[in-house]
Amino acid sequence: MNTFAPRADESGFGYYRRLAAENSLWGWKELAGMVGIRRDRSALMDSPTLVSDVLGIDSSWTATAVEREKQVRSWRSLRRLTADAFCPSCLKESAYIRQFWEHGYVTCCPRHNVRLVDQCDGCNKPIAKSREYLAYCPCGHDLTESQTSVPTQAERWLSTLILSNGRSSNEMLPRVRAVSLTKLCTLIRDLCLFIDPDVPPSSRKVGTVSRVSPAVELLAPLDELLSDWPFRFEDHVSARVRAGKQNARTINSLLGAWYIQLRKLSLGSDLEQFLTVVIRIATRDFEGIRSLDSAAQLVEDQVEHLRLSAAAKLIGVTQAVLHNAVMKNICQYRSRLLGTRGVTYEIPLTETQRIAQERARWITRKDAMVRAGVGEVVLQSMISAEVINSDIQWRIDIMKAGEIEAQSIDDLHATLIANLKPAQTQEGKEIILWSEIVSRRWGSNSAIQNTMQAAKKGELVPVVRGPTLGKMGFLKSDITRYFGIPALEAGMSVTNLEKITSWKAETIMHWIREGFLQCEEVNLPGQQRYVIRPEHLLSFGRNYITLSDLGKIMGTKSSAAARNFKGKVELVGSLPLPNGQRRGGLVRIADLARLARSACADKETEIAEH
């Protein structure tokens, strides 16, 4: 056997026919006989493994042939089973059967712009599929010399789509991308069969064709519908609307089965542009109800007024809420008769969009927490402090979709960013985030609200910029000024520290001012306090010891201790007195440690010398 791979666009069955011709066999039936199977197309195409083993053909080639045959079978009644149709120019270039020549609605070759031929010019008989040579009729006529005719633009459009397996119509209008061949061909069949709104076809089976001439005749109305797209199709739809059922209430009843089938086939795909034209013309020419079917969204895109239910869905409220707004004249509307006694209300599309936009400005608490980056407790404090806008009765206002105005959160965040003053150094300074200002930690709700109000006014400035409001950071020392009582309870005032340590209050204040002793400055009603927390006192004790405490440890007075250490350690933090003396001197712990280490070294040297 002379074997070879199938061509990229070759028919699966055509591949076996070319294989038989290239090996001088009497057609594909002799090929099936060599394999040892029934001499029919199904048996040959359903035995890829056996064909591969017996004839020595690559198994991937026979598998490819089977896959293409499955596609042809999916066309069902539109398969060309009795005779071949072909493009003489394509056949002249290379003698093999193209895959989509086997589709009944492919009537032309878009590449050469000629109609397909399925009848021999020599004997006037259909081109038999059982012929020995693909390029010659059994009568001996050279098929590549067959006479051809020019197809219509609509034929080229449809054949191009089918040849690309529904992927593209190229640049021809209506431009279609990626559609199901089954839906496409069914839609085209119905458009052609129902071209006359007053004369329905006897049966849809009339649309089943396998020869080229009947297919051309069937598809002739398509050229009328697609010419000068979409205007000729609009004229056709307008004629159908005028010929539709009198006193119809919906598009379904007005246009009947033609519209229902078109809607089912085109909705949700590129074919939807056909349905859009129908909706647009029906909206213009039809006074009935237009949004009671699955094409309601398309209706909404084409009309200036929406039914109450459709408008409520678009706005995001229940129909009852919108109806209540209509009854109170809160929004614009118009009323229309429904049947003989009923009344339906319609909302202008512009009014619907306006309400939806207004509602989008207000969000729920859950969405507000996400937007601000805070928890529920902090959000409630923001509401109580009135640093953001809220409306507890938002449910009775159709213009509001939630309790919180979204823009007020963004505005507060923008205000804090505008007031941002990054600290030159944050080392050793504790940062408190906006989301951490909660009563569980700070105690006073009123103080929390005062803090938030101060931040909005610019009196409390952030030092860390965050992507959300909750991530904005403040110095703890700045925040604690607004939490006097809790901070005082967690530490000691200068007076309390004086009682515990016997240090003079004026000396302690001097240490604070000079930066030797850290503290927090808090505001209390009518006064300002300095609070020394345990961590402040611990840090002070790790770095300094007072001269008076050092004297007590040595069993002497502070003045004697000062003389003993004179010239050996530096005395810092002393408070000058009016009489020229100094009080509250401090000795660095590090200096004492260095002095002790030096004394130990001298002692070791003395011992070594002895």
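Let me start at Ala360, which is found in helix H16, residues 349-360. Helices here are DSSP runs of H or I with at least four residues, strands are E runs of at least two, and both are numbered from the N terminus. Ala360 is exposed, at a relative accessible area of 55%. The cut-offs: buried is under 20% relative accessible area, exposed is over 50%, and partly exposed is in between, with a 1.4 Å probe and protein chains only.

Some ground rules. This is a predicted model, where local features need pLDDT of at least 70 and side-chain atom pairs count only at pLDDT 80 or more, while totals for chains, interfaces and linings use all residues. Residues are numbered from 1 along each chain as its sequence is written, and side-chain values use heavy atoms, with hydrogens and water left out.

Back to Ala360. How far apart in space are Ala360 and Ala385? The C-alpha to C-alpha distance is 24 Å, for 25 residues in sequence.

Ile347 is buried, at 0% relative accessibility.

Next, helix pairs. Two packed helices are described by the angle between their axes and the distance between the axes. Axes are lines fitted to C-alpha atoms, for helices over the stretch in contact, and angles run from 0 to 180 degrees between N-to-C directions.

Take H18, residues 376-385, and H21, residues 445-457. Their axes come within 9 Å and cross at roughly 70°. That makes H18 roughly perpendicular to H21. For that label, under 35 degrees is roughly parallel, over 145 roughly antiparallel, 65 to 115 roughly perpendicular, and the rest oblique. Who makes the contact? On the H18 side, Val378, Ser381, Met382, Ser384 and Ala385; on the H21 side, Ile448, Gln449, Met452 and Gln453. Contact means heavy atoms within 4.5 Å. By class, these residues are five nonpolar, four polar and no charged. The classes: Ala, Val, Leu, Ile, Met, Phe, Trp, Tyr, Cys and Pro are nonpolar; Asp, Glu, Lys and Arg are charged; the others, Gly among them, are polar.

The angle is about 145°, and the axes are 9 Å apart. H4 passes H5 in a right-handed crossing. A crossing is left-handed if the near helix is turned anticlockwise from the far one by less than a right angle, and right-handed if clockwise. Pro48, Val51 and Ser52 of H4 meet Ser59, Thr62 and Val66 of H5. That contact divides into three nonpolar, three polar and no charged residues.

On to H7, residues 153-163. Is H7 mostly covered or mostly open? Mostly covered: eight of its 11 residues are buried. Among them are Trp157, Leu158, Leu161 and Ile162, and also Glu155. The cover includes strands E1 and E2, plus H8, H9 and H12.

Backbone next. Most residues other than glycine have a negative phi, and most peptide bonds are trans. Here are the departures I picked.

H7 is followed by Asn165, with a positive phi near 60°. Asn165 sits in the loop between H7 and H8. This residue is partly exposed, at 30% relative accessible area. Glu386 also has a positive phi, near 60°, and is not a glycine. Its place is the loop between H18 and strand E7, 404-405. Glu386 is exposed, at 62% relative accessibility.

Then the cis bonds. Leu173 and Pro174 are joined by one, with omega about -5°. Pro174 is in the loop between H7 and H8. The Trp229 to Pro230 bond is cis too, with omega near 0°. Pro230 is in the loop between H9, 212-226, and H10, 231-242.

Last, cysteines. Cys185 is buried, at 4% relative accessibility. Cys600 is partly exposed, at 47%.

That's my tour. Questions welcome.
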